[in-house]
Amino acid sequence: MGPKDYLKHIQDPEKITLLRRLLDKLSMASRGYTVEESDFLDPYERRLARELAFQFPQMEFLTTQREELRERDIVGFAPYEAYIDEGVRSFKITSKFSQLSHPDILGALLGLGIDRSKIGDIAVHGESAYICVKREIGDFLLLEFREVGSSAITVREVANEEMVYPPTSYQREVATVSSMRLDGVVSAVTRKSRTLAKAQVEGGLVKVNFQTILRPAHVVAAGDLLSIRKFGRVQIFPELTTTRKDRIRISYGIIR
């Protein structure tokens, strides 16, 4: 199977566009004997990039030394082994008078006209937060990023290894479902009707392990991470049990 044949099994138009850009980078790295880096990718996109790189046996798939920590990260392609990290810059932002939140910080960055693909992880610690971005927008960030919402902030650059991630906080819940169909699980955790949950899935508003799933009948597994638009993220814990009425009791955590 060649690289173009690999693209045929991808259904999401956005991911096809992404993979075509990565295919161009692979070709440039191969022809120019250089390292070519991606923008920030989520875990599912990095898996697709790795599988695409397998179509070029003469090329190396490069990762950063902080890959295990970062959710969003860059990858690279080169005709030789190496680690990459030069394309990422990290910053600490501080607000004197208010708590910061991930949505507010991301909204402020997008409001500056920064493309989402240039923004990596955002790690919030109350009145301070760490963010990482692509190197080419770092100077712009230092000059223009001055407020989040109505709160003034200070911004200073830090070494990439100084970025601190807070522990994941869960609101633990339990629900029962008739099966592990995606629409049924979404209905149970959001406490909305099965009809609405089915429409959310078919409308592309639900991701499983960062992959948009359009089939309501998709089977959710223990350990899966669901992302539900306008609701948040839900981690399905390993404890799945069966009730006396043959329903499935799921334990899950809403990530805060």
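Arg 172 stands opposite Gly 253 in strand β14, within a model that is predicted. Strands β9 and β14 (residues 248-255) are joined by eight bridges and run antiparallel. They belong to an open sheet of six strands with antiparallel pairing, in the order β9-β14-β13-β12-β10-β11. β9 (170-177) and β11 stand at the edges of this sheet with a single partner strand each, so one side of each has no neighbour in the sheet.

**Overall architecture**

- The protein contains seven helices and 14 strands.
- Its C-alpha trace spans about 60 × 55 × 30 Å along the principal axes.
- Of the 256 residues in the protein, 45% are buried.
- When contacts between residues at least 6 apart in sequence are considered, 59% of them join residues at least 24 apart.

**Strand β4 and its partners**

- Strand β4 (residues 88-95) is mostly covered, with six of its eight residues buried.
- β4 pairs with strand β6 (residues 128-134) through seven bridges, and the two run antiparallel.
- Within this pairing, Ala 129 in β6 is the bridge partner of Ile 93.
- β4 also pairs with strand β8 (residues 151-158), in the antiparallel sense and over six bridges.
- Here Thr 154 in β8 is the bridge partner of Thr 94.
- In general, the strands of a sheet pair through backbone hydrogen bonds, in either a parallel or an antiparallel manner.

- In helix α4 (residues 102-111), the buried residues include Ile 105, Leu 106, Ala 108 and Leu 109.
- These four lie on the same side of α4, because they cover an arc of only 160° around the axis.
- Pro 103 and Gly 111, on the other side of α4, are exposed.
- The buried residues of α4 pack against strands β4, β5 (119-125), β6 and β7 (147-148), and against helix α5 (138-144).

- α2 (13-32), α3 (43-53) and β11 (211-212) each supply at least two residues of the lining.
- The largest share, four residues, comes from α3.

- Glu 45 lies in helix α3.
- With 12% relative accessibility, Glu 45 counts as buried, because the cut-off for that class is under 20%.
- Leaving out residues up to four places away in sequence, Glu 45 touches Lys 15, Leu 18 and Phe 40.
- Gln 200 is found in helix α7 (residues 194-202).
- The relative accessibility of Gln 200 is 11%, so this residue also counts as buried.
- Beyond residues up to four places away in sequence, Gln 200 touches Val 186, Leu 205, Val 206, Ile 228 and Arg 229.

**Thr 63 in a loop**

- Thr 63 lies in the loop between strands β2 (60-62) and β3 (76-78).
- Although placed in a loop, Thr 63 is buried, with a relative accessible area of 13%.
- Apart from neighbours within four places in sequence, Thr 63 is in contact with Arg 50, Tyr 83 and Ile 84.
- Thr 63 and Val 75 are twelve residues apart in sequence, yet their C-alpha atoms are 5.0 Å apart in space.

Definitions and conventions:
Residues are numbered from 1 along each chain as its sequence is written. This is a predicted model: local features need pLDDT of at least 70, side-chain atom pairs count only at pLDDT 80 or more; totals for chains, interfaces and linings use all residues. Side-chain values use heavy atoms; hydrogens and water are left out. Buried means under 20% relative accessible area, exposed over 50%, partly exposed in between (1.4 Å probe, protein chains only). Two strands pair if DSSP finds at least two bridges between them. The arc is that of the directions from the helix axis to the C-beta atoms. Contact means heavy atoms within 4.5 Å.
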